[in-house]
There are 2 protein chains.
Amino acid sequence: MNGSDAVLQALDHAGYHLTGPRRAMAQLIAGRQGRFSAEDLVHAAQREGRPVGRATVFRSLEIFEALGLVERVHLARGEHAYVVCDPARHHHHVVCTRCGRSTDVGDIGIDPITRSIEARTGFRVESHRIEFFGLCPECRGEPAARA
Amino acid sequence: MNGSDAVLQALDHAGYHLTGPRRAMAQLIAGRQGRFSAEDLVHAAQREGRPVGRATVFRSLEIFEALGLVERVHLARGEHAYVVCDPARHHHHVVCTRCGRSTDVGDIGIDPITRSIEARTGFRVESHRIEFFGLCPECRGEPAARA
DNA sequence: CTCAATCCGAGACTCAGTATCGTTCCGGAC
DNA sequence: GTCCGGAACGATACTGAGTCTCGGATTGAG
């Protein structure tokens, strides 16, 4: 089953039009393993011979994010990227600092921690951002790289 | 004891010149409670009658960050800001989504969590970004605000 | 005081992301 | 199958944070 079908189905189900550019976007992100930026998609679409306007890429990503199909992650140096992810489950990501591959880590049991923070600081914690950075299994094995 | 003294001392100790603009910056950040952006400092300096160039503000913040005097945090919507913080202690921040005040929460005991992630995913986790967002004690009490 | 190294500010530049707007496309109704 | 209004499109201008550059000013060691 083509992964892009799921994306299109989600779009349709939420009442969005199934337009050409969106189909293209769906295919592009369905095949991705690691992180990607909006710019990456613009170029990828161009390379595939069905260019999509920059504005449209951002708009689509916004929708995909709202539907929980992709998630925005904030990289180490502050720039950001997207990763495809399993909708509807609370989870976080580990992002490989070398190759960019990312993996869900499921719920890491943050609740007791937020509760202890609330008790200590008096804040009411409403959300959090948690991202882990490191080397994925493949990159661990390789010699210190250039690239 | 003026908090800016500590900043100046750290600068001096690290071999940086103690210039006028840096003194101004030191004073400006020493008094801050919550988060602030580079832009905030530019305006604040201007208001105090000793304007500092934008480039200089960024350069100084970079140095301060390297010295562990301030820390860059990434806000909920992706933009970022700085908070003053206690150098040399592993800790995280809770940032108030209403007023911007921020507080250290010390070490929250993330080690066992990173270890469990390594075991589950095969990644070697080298760093993480953890930020909590919510309402500080003052803002919790107030009626749903404007501004 | 002198002098080289450091640092400064002004402003041009970059780059991601947003806003605008006239045109095009989608898809439900008929 | 055709019509039509709303949704979506692309091109492009704009914005705002952050970086780079460079000639001139400051710092502080000697």
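1. Basis of the note. This is a predicted model, in which local features need pLDDT of at least 70 and side-chain atom pairs count only at pLDDT 80 or more, while totals for chains, interfaces and linings use all residues. Residues are numbered from 1 along each chain as its sequence is written, chains are lettered from A and ligands numbered from 1 in the order in which they are written, and side-chain values use heavy atoms, with hydrogens and water left out.

2. The sheet. Six strands form an open sheet with mixed pairing, in the order E4(A)-E3(A)-E5(A)-E5(B)-E3(B)-E4(B); helices (H or I, at least four residues) and strands (E, at least two) are DSSP runs numbered from the N terminus, and two strands pair if DSSP finds at least two bridges between them. Because strand E4 (102–104) of chain A and strand E4 (102–104) of chain B stand at the edges with a single partner strand each, one side of each has no neighbour in the sheet. From one strand to the next the twist averages 20°.

3. One strand pair. Strands of a sheet pair through backbone hydrogen bonds, either parallel or antiparallel. Strand E3 (residues 93–96) of chain A pairs with E4(A) in the antiparallel sense over three bridges, and Val94(A) has Thr103(A) in E4(A) as its bridge partner.

4. Helix H5 of chain B and Thr121(B). Helix H5 (residues 111–121) of chain B lies across E3, E4 and E5 of chain A together with E5 of chain B, and runs at about 125° to E5(B), where axes are lines fitted to C-alpha atoms (for helices over the stretch in contact) and angles run from 0 to 180 degrees between N-to-C directions. Leaving aside residues up to four places away in sequence, Thr121(B) touches Val94(A), Thr103(A), Asp104(A), Val105(A) and Pro137(A), contact meaning heavy atoms within 4.5 Å.

5. The DNA. DNA strand C is surrounded by 19 residues, the closest being Leu18(A), Arg54(A), His80(A), Thr19(B) and Thr56(B), and a residue is near a strand if one of its heavy atoms lies within 4 Å of it. A polar backbone atom of Leu18(A) is 2.9 Å from a phosphate oxygen of DNA strand C, whereas an N or O atom in the side chain of Arg54(A) is 2.6 Å from a base nitrogen of DNA strand C.

Notes. A polar contact is a pair of N or O atoms within 3.5 Å; within protein, one must be able to donate a hydrogen and the other to accept it, and residues adjacent in sequence count only if both atoms are side-chain atoms.
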